[in-house]
Amino acid sequence: MRWILLLLLCLGLPARADLDYQLKPRQIAAGTWLLEGSTDNFAKANGGNIVNSGFIVTNSGVLVIDSGPSKRYGEALRRAIAATTDKPVIQLLLTHHHPDHVLGNQAFSDVPIGALAGTTDLLRQQGDAMAENMYRMVGDWMRGTEVVLPTQELKPGLLEVGGHRLRLLSLSGHTGADLAILDENTGVLFAGDLVFYERALTTPNSPGLGVWLKDLDTLQALPWKQIVPGHGPLATDARPFAQMRDYLSWLDGLMRDGASRGDDMAEMIRRPIPERFAGISLTRYELIRSVSHLYPRYERQRLQRLDGL
Ligand SMILES: [Zn+2]
């Protein structure tokens, strides 16, 4: 009997060890740490850790930016922070309501969870469905994860915490409610999912690609020194902006041209993807999704234009 128990324990251990996110914060500026996720899609192999989160150690405590895809991630993030600094966590800021950025909130229920009002509304409406979808895609990693709504409304403007001046921007191109955070002390711009870099952008809640392009102008004009994209590697130059603009303009033009020719969705999702985007992960997968999210609008706009003739 003892042998059987031992055997079961041995079999069980690797499985449990596999569910370790092994988060390793990397210091990117004074008091500023990044946890960089994979640029792959959600999968059981990565536990949904496809996202960048971060934290800033200020004189009065630690500000955390995004809580990750699961309760387990949120807890691992708390441990990683505790291993980095003795300062307590004092606040969590959410960039937007998508599941990979907010489903670790349970691990931060002891501190204020700040978000734009629109983010809280969207999470209230869509959170449970998004969490269910995450359970389907990454399975056991999600165990015990529940949606926790923000407890504090963030307004655009200056947020001064422990000697850091954070400029909060309320933008909307990715989801309708997107927070970007510029730390004026370090020049680190936490762009949230307004910037994807070397990973195809996602569009399930975008109000329109034109809105997104304008937001990029706003962000690029800020006095940043480093850009932390929501997904993809840290950058110290404007390449993420150039890539985002190029990609968004291509996607917009593709759908506009398709609609003007009367092409259907099945044709659109098979369109060739320019060679210059070969280094961007998941372009075909996200093109299929973006066409399903956005193409009907392009078709409607074309019909309205024809009506107006
Ligand atoms: Zn997102």
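Predicted model: local features only at pLDDT ≥ 70, side-chain atom pairs only at ≥ 80, totals over all residues.

1. Strand E4, residues 61-65, is joined to strand E5 by 4 bridges, and the two strands run parallel. Within this pairing, Val 62 stands opposite Val 89 in E5.

2. Strands E4 and E5 belong to an open sheet of 7 strands, whose order is E1-E2-E3-E4-E5-E6-E7 and whose pairing is mixed. The edges of this sheet are formed by strand E1 (26-29) and strand E7 (152-153), each of which pairs on one side only.

3. Which residues coordinate the zinc ion? The ion is held by His 96 through NE2, His 98 through ND1, His 174 through NE2 and Asp 193 through OD, at 2.1 to 2.3 Å. Along the chain, these donors follow the spacing H-x1-H-x75-H-x18-D. Distant parts of the chain are linked by the pair His 96 and Asp 193, which lie 97 residues apart. His 96 is located in the loop between strand E5 (89-93) and helix H3 (99-102), whereas Asp 193 is located in strand E11 (residues 188-196).

4. The geometry of the zinc site deserves a separate remark. The angles among the 4 donor atoms run from 82 to 171°, and the site is classed as irregular. A tetrahedral site would require all angles to lie between 85 and 135 degrees.

5. With a relative accessibility of 2%, Val 102 counts as buried. The C-alpha atom of Val 102 is separated by 8.1 Å from that of Val 148, although these residues are 46 residues apart along the chain.

6. A further point concerns two helices. Helix H5 (residues 209-220) packs with helix H6 (residues 239-261) at an angle of about 165°, and their axes are 10 Å apart. Angles over 145 degrees count as roughly antiparallel, and H5 and H6 are therefore roughly antiparallel to each other. The crossing in which H5 passes H6 is left-handed.

Terms used: Residues numbered from 1 in each chain as written. Heavy atoms only, no water. Donors = N, O, S within 2.8 Å, 3.2 Å for Na, K, Ca; no water. Tetrahedral: all angles 85-135°; square planar, octahedral: opposite > 155°, others 65-115°. Pairing = 2+ DSSP bridges. Axes fitted to C-alpha atoms, helices over the stretch in contact; angles between N-to-C directions. Parallel < 35°, antiparallel > 145°, perpendicular 65-115°, else oblique. Left-handed = near helix turned anticlockwise from the far one by under 90°. Buried < 20%, exposed > 50% of the residue type's maximum accessible area, 1.4 Å probe, protein only.
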